[in-house]
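Open the model in your viewer and keep the selection panel at hand. Each stop below gives a selection and then what is there.

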Amino acid sequence: MIKVLIVDDEKAIANLIDVSLTRAGYQCDCCFDGLTAADKIEKNRYDIILLDIMLPKVDGYELLEYIKNYNTPVIFLTAKTSVEDKVKGLRMGAEDYLAKPFEIVELIARIETVLRRYHKNEDKLEIGGLTICPLSHSVSRDGEEINLTTKEYNLLLFFIHNRNIALLREVIYERVWEKEYEGDSRTVDLHVQRMGG
């Protein structure tokens, strides 16, 4: 299971991210200051770290320097929205920079992108009787392969990573089809119906 460390001094935000990512199949730890985060990073192996910049004790920039020793990817989640802050964070070595407030579905998509870059996606996902192999893009149930088109496969993965999250058609379309939604819901509906059938 992919292990995520969430470092944010706003406990309500950290807990919301924790709940949402846990529902999406990730294992999460939370901490609320930079010093505690450094201790956790020293004692545990994380696949990705979500890091606020403005933290008590040790700020996000200092902590990023420490994290570099562990070769663990970092996404900054912060209220610091200026171009200068973004450029500084990315130049220091963060993989991505997401300004608050943000949508959970966008955060999950960015996490998936970074994990792919680091080849940290799990070899197999097992959920609801299905076995999914991301490397071969194959899906099977009880050892029997299920033939899915590329879009159906991507849609299935998107639903798995966002399970228990209410999703609008336009969000599904824009994430899976990677195009702007133009108000035609039939494309999404037909793919979902075919998968259900």
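What follows is a tour of a predicted model, stop by stop.

**Stop 1: salt bridges**

How many salt bridges does a search of the whole structure find? The count is nine.

Select R45 and D47. They form a salt bridge, and their closest N and O atoms are 2.8 Å apart. Are the two partners buried or exposed? R45 is exposed, at 56% relative accessible area. D47 is buried, because its relative accessibility is 7%, and the limit for buried is under 20%.

Now select K68 and E65. Their side chains meet in a salt bridge, at 3.2 Å from N to O. K68 is partly exposed, with a relative accessible area of 42%. E65 is partly exposed too, with a value of 40%.

**Stop 2: K100 and its surroundings**

Select K100 and D52. This pair forms a salt bridge, with 3.5 Å between the closest N and O atoms. The two residues are 48 residues apart, and the pair links distant parts of the chain. K100 sits in the loop between strand 5 (96-99) and helix 5 (104-117). D52 sits in the loop between strand 3 (48-51) and helix 3 (60-67). K100 is buried, at 14% relative accessible area. D52 is buried as well, at 3%.

Salt bridges with shared partners join D8, E10, D52 and K100 into one network.

Stay at K100 and step to P101. Which kind of peptide bond joins K100 and P101? The bond is cis, with omega at about -5°. P101 is placed in the loop between strand 5 and helix 5.

**Stop 3: positive phi**

Most residues other than glycine have a negative phi. Two residues here have a positive value.

Select K57. Its phi is near 70°. K57 belongs to the loop between strand 3 and helix 3. K57 is exposed, with a relative accessible area of 66%.

Next, select N71. Phi of N71 is near 55°, again positive in a residue other than glycine. Look for N71 in the loop between helix 3 and strand 4 (74-78). N71 is exposed, at 55% relative accessible area.

**Stop 4: a buried serine**

Select S140, in strand 8 (residues 138-141). S140 counts as buried because its relative accessible area is 18%, against a limit of under 20%. Which residues is S140 in contact with, leaving aside neighbours within four places in sequence? Show G129, L130, T131, E145 and I146.

**Stop 5: a loop and a negative patch**

Select L168, in the loop between helix 6 (150-161) and helix 7. L168 is exposed, with a relative accessibility of 54%. Draw a distance from L168 to G93: their C-alpha atoms are separated by 34 Å. Along the chain, the two are 75 residues apart.

Move on to helix 7 (residues 169-176) and pick E174. E174 is partly exposed, at 36% relative accessible area. Which residues form the negative surface patch? Select E170, E174, E180 and E182 together to see the patch.

Definitions and conventions: Residues numbered from 1 in each chain as written. Predicted model: local features only at pLDDT ≥ 70, side-chain atom pairs only at ≥ 80, totals over all residues. Heavy atoms only, no water. Patch = residues over 30% accessible without salt bridge, like charges linked within 9 Å, V, L, I, M, F, W, Y side chains within 5 Å. Areas by Shrake-Rupley, 256 points an atom, 1.4 Å probe, with all protein chains shown as cover. Salt bridge = Lys/Arg side-chain N within 4 Å of Asp/Glu carboxyl O. Lys, Arg positive; Asp, Glu negative; His and termini not counted. Charge placed at Lys NZ, Arg CZ, Asp CG, Glu CD. Helix = DSSP H or I, 4+ residues; strand = E, 2+ residues; numbered from the N terminus. Buried < 20%, exposed > 50% of the residue type's maximum accessible area, 1.4 Å probe, protein only. Contact = heavy atoms within 4.5 Å.
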